[in-house]
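Here are my notes for a colleague opening this entry for the first time. Please keep the structure in view while going through the points.

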Amino acid sequence: MRLRVRFVDRVGIAQEILAVLSRRRLDVAAVEVEPPRIFIDAPALAAPELSALEAALRRVDGVLDIDEVDLLPGARRRLHLDALLAAMPDPVLAVDASGAVSAGNAAAAAVAGVPEVSLSGRSLGDLLDDPALERELVASGFRAPAREVVVRGEPFLLDATPVGGEARTPLAAGGVVMLQSPRRVGDTLQALHGHSFPGGLEAILGDSAPMRAMRARAARVAAVEAPLLVRGETGTGKELVAHACHRASSRRDAPFLALNCAALPESLAESELFGYAPGAFTGAQRGGKPGLLEMADHGTIFLDEIGEMSPYLQAKLLRFLNDGRFRRVGGDREIKVDVRILSATHRDLEAMVAAGAFREDLFYRLNVLVLEVPALRERGDDILLLARHFVAQACAQVQRPSCRLSRTATAALLASPWPGNVRQLHNVVFRAVAMSDAAVIDAGDLELAGSGVGAGPEPVAGAGTWHEAVARFEAGLLRRLYAEFPSSRKLAAHLGTSHTMIANKLRRYGIARKA
């Protein structure tokens, strides 16, 4: 039976309570004192004896009440700690000041290759096969910087946290050592950056025919375990499409990590993608560093602007694509991972191959599956849908009341050629919302002329009815664009609509090619 005795705290009261237990020769397995309470574990105490014990305890000055509990606080804490350690996927070890393991979880036992019950009392250096690391951690009071360690041939990021002691003095209590595999680091990065991509293919806005066709093809290529090349102009949303394909694949629960090949110099891009071994170069982390390929194991790597990759990295990537193996920078150990490569470019890779600027063999390894992302001018039916979405998004972001686009603003948006595609549309709308306090965003607020794009005709000024305004706008838009796209088929393709509709409207408004 386990009892809790609540009392008025005073000097000596705990001893008096324990003296009552001693006089009654009660077999006590454990006692925990947490003023103003004392907890007693008496396994042999039976119900008939409890009344007499309670009476004796109440005669102690300051005892308020006695009741039965299921567990002592220490035992409850140990149960919670055991459950917490068991639930942690990463190996965790509690180590005393001498470097001996006092506790560890099942993940740590699995990594060390020993039974969980055998962890306690083992040397940390023995478990990690690195006595020098144990000596360093103990000497520094477990304040050593994070570094990479290799346990039974597998790399882990080791992070040590001191337990107890003063901030600037060596510890007497020891520390907690946590190990993270590169894959778990990748999961963390994915969790931190995943908010940038709200969902799968259904999150890609657009109801035009080109976008419906693109989403249908994306759903098919996403399910195929092969490299995918996403092609399209700058600003069309190739990374968003690539991430949606990852979310629609069987790898959706594994990391999706990205590298922009144009944003980093060759040496830095190499270490980011492949990682580096300890001492690989001046300034490298002491224990080495896993690259994106290791961190994305069983997941997806997205290589943006693949056409900008250097010839040296092209050769190294080609070797990885051949057998899934690579070496870190400065390393001699072969590492094998299961990663799907998605790449993207706005460059003409075929022309680059012909000019010798891109490896032909790598091109054919990346070009197994292809997904073309249409330019915004090819999906004109989506412009207003996207613009209204961006308006609502911008209002929330700048914390201003909701607003809407005027008829002249929508006409200007439809008339723009959008050389910067969806990215340009987003920037134009955000700037207009952020810089205007009006409830209605007008064509002038969009500042399209300032970006080199004309605002187009004013289709509704002086129009008597809605149908007259629409007709005036259509006629003005078609006359302006027909000079640039002098056939009904070219114009229909530019506006993202059917050839028949454009041909009928050209006849209706008497628009013909000039001789």
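**Notes on the predicted model**

1. Start with the sheet. Five strands make up an open sheet, ordered β11-β14-β17-β10-β18, and the pairing is parallel. From one strand to the next, the twist averages 20°. Please remember that this is a predicted model.

2. Look next at one strand pair. Strand β10 covers residues 228-231. Four bridges join β10 to β18 in the parallel sense. Within this region, R231 stands opposite E372 of β18.

3. Helix α16 spans residues 407-415 and is mostly covered. Seven of its nine residues are buried. They are T408, A409, T410, A411, A412, L413 and A415.

4. Now the cysteines. How many disulfides does the model have? The count is zero. C245 takes part in no disulfide. The cysteine sulfur nearest to that of C245 belongs to C261, 18 Å away. A disulfide needs the two sulfur atoms within 2.5 Å, so the 18 Å between C261 and C245 is too far for a bond.

5. Are these two cysteines buried or exposed? C245 is buried, with a relative accessible area of 0%. C261 also counts as buried, at 8% relative accessibility. The cut-off for buried is under 20%, so the 8% of C261 qualifies.

Notes: Residues numbered from 1 in each chain as written. Predicted model: local features only at pLDDT ≥ 70, side-chain atom pairs only at ≥ 80, totals over all residues. Heavy atoms only, no water. Pairing = 2+ DSSP bridges. Helix = DSSP H or I, 4+ residues; strand = E, 2+ residues; numbered from the N terminus. Axes fitted to C-alpha atoms, helices over the stretch in contact; angles between N-to-C directions. Buried < 20%, exposed > 50% of the residue type's maximum accessible area, 1.4 Å probe, protein only.
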